[in-house]
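Hi,

Here is the model I promised to pass along. Please have a look at it before reading my notes below.

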Amino acid sequence: MSRRSVLVPALAGTLLLLFFTGDAQAGTEELAKAAAWRLGDQISIAGLLYAQGNHDDKVDEIMKAMKPLADAMQIEIKPFPPRSPDSSQTYADVIHYLIQGDGADVGREIAEKFGNPAGTLYEVAVKSNLLLLLYQPGEDQGIGGVIKSRMTEIGMPENLWIGVVNAIDNKVSEAELKDAVFKMHDDVAAYLGQQID
């Protein structure tokens with residue numbers, strides 16, 4: 001089992017324990033930030049795979065793995081929109097779901113329940129993964145600016161996310177940008193995990 005697959009049940013279990021015992025608010029906030037980042041990362045990856053098609057088993061696996069975390073946070077993850085016969089319309093519908101629709105509502109609900117930093121981490125996780133689909137050298141749909149402003153707002157250490165912003169500014173290839181996004185997701189997850197310990 002991978003380190004990531006062990007992390008989700010551990011986060012869910014610890015969150016439930018804190019909710020039931022009414023333990024330290026600060027501990028809940030740090031856990032919620034780690035959980036929000038994980039949910040945003042995985043829901044957006046599942047959405048991109050869903051839009052691509054032919055990955056339903058993987059999508060189901062990801063969403064099933066996220067359910068204990070969402071349940072622990074008392075947040076409902078609604079299904080992705082129905083696929084359109086036109087694949088570009090399906091991608092558009094999934095992007096809308098993630099940044100304005102039911103998927104974005106998850107982030108807003110996280111912010112209401114656990115504070116703005118957790119909601120912001122969810123948003124950045126989702127939008128940075130959208131770079132995997134939307135980025136072309138010289139065009140990032142404004143996502144680099146969103147990452148920089150949101151991560152600065154909530155005081156996330158620059159070294160965790162600046163690599164993606166610099167990659168966008170330097171108009172790197174799609175493959176290099178993908179590596180930078182994956183590194184950011186791993187680095188932020190590791191940092192948030194350390195804050196819990």
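What follows is a short tour of the charged and aromatic contacts.

This is a predicted model, in which local features need pLDDT of at least 70, side-chain atom pairs count only at pLDDT 80 or more, and totals for chains, interfaces and linings use all residues. Residues are numbered from 1 along each chain as its sequence is written, and side-chain values use heavy atoms, with hydrogens and water left out.

Let me start with the salt bridges (a side-chain nitrogen of Lys or Arg within 4 Å of a carboxyl oxygen of Asp or Glu). The count comes to ten. One of them joins Asp 41 to Arg 38, with 3.7 Å between the closest N and O atoms. Both residues sit in helix α2 (residues 25-52), three residues apart; helices are DSSP runs of H or I, at least four residues, numbered from the N terminus. Asp 41 is buried at 6% relative accessibility, and Arg 38 is buried too, at 11% (buried is under 20% relative accessible area, exposed over 50%, partly exposed in between, with a 1.4 Å probe and protein chains only).

In helix α3 (residues 56-72), Lys 67 and Asp 71 are four residues apart, and their closest N and O atoms are 3.0 Å apart. Here Lys 67 is partly exposed at 49%, as is Asp 71 at 40%.

On the aromatic side, Arg 83 lies over the face of Tyr 50, 4.1 Å from the ring centre (the rule asks for NZ of Lys or CZ of Arg within 6 Å of the ring centre and within 35 degrees of the ring normal).

Best wishes

Conventions. Helices (H or I, at least four residues) and strands (E, at least two) are DSSP runs, numbered from the N terminus.
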